[in-house]
Amino acid sequence: MNVRLSMRLTRILTLAIPALLLAGCFGNGDGPTRIAGNPPPPVVCDGLFNFEEGCGPFSFNNFEAGQSVIIDNPDKGGLNDTDSVVQMTKGDARTFGGQPFGGTAISIFDPIDFAQGEAFTMLVWSSRSVPVLFKLEESQFVFVEGSVDHTGGGEWQELCFDFTGATAGVNPGSLIVIFDITEFGEVETNPTAWTFYYDEITQVSSCGGGGGPGPGGAPTTGAPTPTQDAGNVISLYSDAYTDEATTWPTTWSDPNNTTSDITVAGGLVKEHLAINFVGVEFVVDATSMTHVHFDVWTPDATSLLFRLVDFGGDGFGGANADTQADVTLDATSTPALAQGSWVSVDIPLQTFLDNGLASV
């Protein structure tokens, strides 16, 4: 079997697209008439981003069918009684061959001083439970990000994203917000489920024990020691068995220069930093095998897509059709993807065959 294996974490490739510049301004407008000779009321522009009139400017760079626009607060009260908020809708990017990570990049005009705090709060409104990704990005390869769930219910909730200890060397030029990063939006047919609101993005010293993107850091214990007899194993990466020849990472990994071999508690580990996806190429005969096994550790990812691709025995793009199949791990899968601990995964090869892979 000539196979391409790829693993995709919930990392994103930011797309550069035309910006829509929205700036608050004073003028005659359509608001209440000002009494002659009286100054306008003061505008308070607290926080990193406060979307009230007179604050800003704001530059929204929408991508992959995500769309943000400033509107009047549709649900004033509770945690948020401000006049203006950002409405984000997420459409179906498949209509133009796009990807599911539709969202918005907000340009950061003034440098963030992380000495003032490495955590950020954001008010979010959603009608349903949804993961919210928050990313501070300097470049495709230099960023910090995390995901926190909004529990739904059609109310404002304050989400907190804690990057303490992870911001060294990051000078972000944009803040990226994405709802349901692994799912294509359906605002065209289900606007209630795919319309969200966010507001009041503020830098704070810590999350105070609240929900952050994960425990952060790196593993301090090694992955579980495998127990299978060597005669029943085809190993791609392990210091317990003899490995098959692989290309890892491949040239088509994104990026392909942030993978390295490290030692954790005396055991070898493949470390992938700031990845969108990483690929592995190898040639094996797996007809006598029954499962794919791997151990994974992540500080902040909320889903992991594991894909097998069969080149049909004649290489990529050959006359024989290439086939593929995916399995996704997340908080609801079995096993569930956990943050800050090793997860041992055994996937029956039959699952990939049932999902579209031609052969093993």
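# Why do we call it that?

Student: Why is T332 called exposed?

Tutor: Set its value against the cut-off. T332 has a relative accessibility of 72%, and exposed means over 50%, so T332 counts as exposed. Keep in mind that we're looking at a predicted model here.

Student: Where is T332 found?

Tutor: T332 is in the loop between β18 (323–330) and β19 (343–348). The C-alpha atoms of T332 and S303 are separated by 9.7 Å, and these two residues are 29 places apart along the chain.

Student: What makes the link between the side chains of T332 and D330 a polar contact?

Tutor: Check the distance. The two side chains are joined at 2.8 Å, and the limit for such a pair of N or O atoms is within 3.5 Å, so the T332 and D330 pair qualifies.

Student: How about E137: is it buried or exposed, and how do you know?

Tutor: The relative accessible area of E137 is 7%. Buried means under 20%, so E137 is buried. E137 is found in strand β8 (residues 130–139).

Student: What does the side chain of E137 make a polar contact with?

Tutor: With the side chain of K135, at 2.9 Å.

Student: S107 has a relative accessible area of 17%; what do we call that, and why?

Tutor: Buried, because 17% is under the 20% cut-off. S107 lies in strand β6 (residues 103–107). Its side chain makes a polar contact with the side chain of N61 at 3.4 Å, and 3.4 Å is still within 3.5 Å, so this pair passes too.

Student: Which residues does S107 touch, leaving out those up to four places away in sequence?

Tutor: S107 touches F49, S59, N61, G173 and S174.

Student: Let's do rings. How many aromatic pairs does a search of the whole structure find?

Tutor: The search finds 16. One of them is F51 with F60, and it's a tilted pair.

Student: What makes the pair of F51 and F60 tilted?

Tutor: Two checks. The centres are 6.2 Å apart, and rings pair within 6.5 Å. The planes are at 45 degrees; stacked needs under 30 and edge-to-face over 60, and the rest is tilted, so 45 degrees lands in the tilted class. F51 is buried at 1%, and F60 counts as buried at 1% relative accessibility.

Student: And why is the pair of F179 and F196 called stacked?

Tutor: The planes of F179 and F196 are 5 degrees apart, with 4.2 Å from centre to centre. Since 5 degrees is under 30, the pair is stacked. The pair links distant parts of the chain: F179 is in strand β11 (residues 174–179) and F196 in strand β12 (residues 195–204), 17 residues apart. F179 counts as buried at 0% relative accessibility, and F196 is buried with a relative accessible area of 0%.

Student: Which residues form one aromatic cluster?

Tutor: F49, F51, F58, F60 and Y198 do.

Student: What is the order of the open sheet of 5 strands?

Tutor: The order is β4-β5-β12-β7-β10, with antiparallel pairing.

Student: Why do β4 and β10 stand at the edges?

Tutor: β4 (66–72) and β10 (155–162) each have a single partner strand, so one side of each has no neighbour in the sheet. From one strand to the next, the twist averages 30 degrees.

Student: How do you know that β7 and β10 pair?

Tutor: Count bridges. Strand β7 (residues 119–126) and β10 share 8 bridges in the antiparallel sense. Pairing takes at least two, so they pair. In β10, E158 is the bridge partner of L123.

Student: Which residues make the covered face of strand β16?

Tutor: V292, F294 and V296 are on the covered face of β16 (residues 291–296), while H291, H293 and D295 are on the uncovered one. In a regular strand, side chains alternate between the two faces of the sheet. β16 runs antiparallel to β19, joined by 6 bridges, and V292 has I347 as its bridge partner in β19.

Student: Where does pLDDT stay under 50?

Tutor: Over residues 1–43 and residues 209–216. Where pLDDT is low, the predicted coordinates should not be read in detail. The protein averages 81, and 81% of the residues score at least 70.

Methods: Residues numbered from 1 in each chain as written. Predicted model: local features only at pLDDT ≥ 70, side-chain atom pairs only at ≥ 80, totals over all residues. Heavy atoms only, no water. pLDDT = per-residue confidence, 0-100. Contact = heavy atoms within 4.5 Å. Helix = DSSP H or I, 4+ residues; strand = E, 2+ residues; numbered from the N terminus. Axes fitted to C-alpha atoms, helices over the stretch in contact; angles between N-to-C directions. Buried < 20%, exposed > 50% of the residue type's maximum accessible area, 1.4 Å probe, protein only. Polar contact = N/O pair within 3.5 Å; in protein donor to acceptor, adjacent residues only side chain to side chain. Phe/Tyr/Trp six-rings, centres within 6.5 Å; stacked < 30°, edge-to-face > 60°.
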